Amino acid sequence: MDKSAETKAFLIAEGGVDIDERILGRITTPASGPGAGLTSFFLRFNGHRVRLGIKHSSRLKASLEGDEVVIRDHEKEIVRGYLEDAIAHCPEQAYITVSEVCIFDCQYCPVPLLGGSVKDQSDVETAISRILADPKLARKLRSIALTSGVEESPQREVERVAAIIRILRAKYDLPIGVAVYPTQNSTKLLKEAGADEIKYNVETMDRQLFETMCPGLSLDFVLEALKDAVEIFGRNKVFSNILVGLGEDDQSVINGMQDLIKMGVIPILRAVVEHPLRSQTRMRRPSAERLLRLARKERALLDQYGLRADVAETMCAACTGCDLMPHRDV
Ligand code: SF4
C-alpha cells in the first residue's frame, strides 16, 4: 500500500529537518505568511512535493546519497527523494511578495515584525526578467503569482498590485495568480488587470478565534469577497487559506471548509508555523494524523460539490509544498 501521503503528512507535521545547507541548491526564505523569514527547501518524492524548513534541532536528519536526499528518524529511513529548485519562492512559479510589510497585526503572522521591503513595478519586472534570462529556470517556469501584505491601506495595495498585473499580463503569456486582502472592488480590478486565479484568506472559520487573531479585519467581509470572486473568476479559480493549529477544533475546520466549498472556493488547509517572533501566541503545529484526517475530509467535500483542486495553475494549490492537497496528495 502506498503510504506516501502519510509520509508527507509526517514531514509537514515535523516542519523541518536537520540538513547541511551546503548540499542544497536554491533555498528559499518566504517573505509572506506564517513561515516568513524561515529558510527552507523543496523535496520531490513519489509524485509529492514538500517544503521542509531547515531546523538543526530536528530529530530528522537529511543527507545526500548520490543525487538522492535521504531523511532518517534516528537510523530509520523515512523517505528518499530529489531536491527541487525554487524559482522564486517555490518551484515552477515566479511567486513574488510585493509588500513584505503589513499594517495589520494578525497574531500568527511574523510579517509585521520582520520589516521587509516593498517592491515597485520595475522590481517585479526585473525579478521575472532575471528568471527568464536563465535558460534552466525559464524552462521550468509555469506561472506567475503575486501576494502582498498591506503597506498603507488595502485599497492602495490592491491598486498597486493590479497595476503590476496589467503590465505582466501584457508581457507574459503565463497564468497569473494573486493573493491579497480584499476590498470592495478588488475582485473586479484584479480580474480586469488580467489575473486568472485569486486567493483571499479567511485564516480561520472559527469566529471567536478570528476576532482574537486578526484584530481590525472582518471575516464576513472576506467571505463576501470570496462569493464575488467565484462569480467573477469562476469555480476552481478561487482559494482561501484556513490555518490549522490556532486552537480551533476539527468540527470548526470541517464546517468552515464545507461553507467555502459550497460557495465554489477551494480551501487550503495550512499547518501553523510556531514562529519564534510569535512565541506568545498559543499555536500548535497539528499532528500528521490530524492533517491527514482533515485533508481526506476536504477531498470528500470537494468531490461531493464537484470542485477540483488539481486544476490550479498558480499559488499554493499548484505548488503543494506546504500542504496535503486534495486530488494531488490525497
Ligand atoms: S505551498 Fe504556497 S506558501 Fe508553500 S511554498 Fe508553495 S507557494 Fe509557497
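**Entry 1. N241**

I began with N241, which is buried, with a relative accessible area of 5%. The model I am reading is a predicted one. I located N241 in strand 12. I then listed what N241 touches, leaving out residues up to four places away in sequence: K199, N201, V202, E203, I268 and R270.

I looked up the pairing of strand 12 (residues 238–244) with strand 11 (residues 197–199): the sense is parallel, over two bridges. Within strand 12, I found F239 opposite K199. K199 is also among the residues that N241 touches.

**Entry 2. H275**

I moved to H275, in the loop between strand 13 (266–271) and helix 10 (288–304). Is H275 buried or exposed? I recorded H275 as buried, because its relative accessible area is 4% and the cut-off for burial is under 20%. The side chain of H275 reaches the backbone nitrogen of L277 at 3.0 Å. I also checked H275 against C109: the two are 166 residues apart in sequence, yet 8.0 Å apart in space, C-alpha to C-alpha.

**Entry 3. R290**

I followed the chain into helix 10, where R290 has its place. R290 has a relative accessible area of 14% and is therefore buried. Which residues is R290 in contact with, leaving aside its neighbours within four places in sequence? I listed V244, G245, E248, D249, D250 and V253.

**Entry 4. Aromatic rings**

I searched for aromatic pairs, and the count came to one. The pair is F104 with Y181, and it is tilted, at 5.8 Å centre to centre and 55° between the planes. I noted that the pair links distant parts of the chain, 77 residues apart. F104 is in the loop between strand 8 and helix 2 (111–114), while Y181 is in the loop between strand 10 (176–179) and helix 6 (186–193). Both F104 and Y181 are buried.

I made a separate note on a charge over a ring: K191 lies over the face of F233, at 4.9 Å from the ring centre.

**Entry 6**

I then took the pairs around strand 5. Strand 4 and strand 5 pair in the antiparallel sense over six bridges. I read off two of the facing residues: the bridge partner of S63 is V70, and K61 stands opposite R72. The hairpin of strand 4 and strand 5 has two residues between the strands, and G66 in this hairpin takes a positive phi near 65°.

On its other pairing, strand 5 (residues 68–73) meets strand 6 (residues 76–84) in the antiparallel sense over five bridges. D73 stands opposite K76 in strand 6. Strand 5 and strand 6 also form a hairpin with two residues between them, and I noted a positive phi of about 55° for H74 in the turn.

**Entry 5. Helix 1**

I finished with helix 1 (residues 4–14), which is mostly covered, with eight of its eleven residues buried. The buried residues I wrote down are S4, A5, T7, K8, A9, L11, I12 and A13. Just after helix 1, I found G15 with a positive phi of about 85°.

Notes
Residues are numbered from 1 along each chain as its sequence is written. This is a predicted model: local features need pLDDT of at least 70, side-chain atom pairs count only at pLDDT 80 or more; totals for chains, interfaces and linings use all residues. Side-chain values use heavy atoms; hydrogens and water are left out. Helices (H or I, at least four residues) and strands (E, at least two) are DSSP runs, numbered from the N terminus. Buried means under 20% relative accessible area, exposed over 50%, partly exposed in between (1.4 Å probe, protein chains only). A polar contact is a pair of N or O atoms within 3.5 Å; within protein, one must be able to donate a hydrogen and the other to accept it, and residues adjacent in sequence count only if both atoms are side-chain atoms. Two strands pair if DSSP finds at least two bridges between them. Rings of Phe, Tyr and Trp (its six-membered ring) pair if their centres lie within 6.5 Å; planes under 30 degrees apart count as stacked, over 60 as edge-to-face and the rest as tilted. A charge sits over a ring if NZ of Lys or CZ of Arg is within 6 Å of the ring centre and within 35 degrees of the ring normal. Contact means heavy atoms within 4.5 Å.
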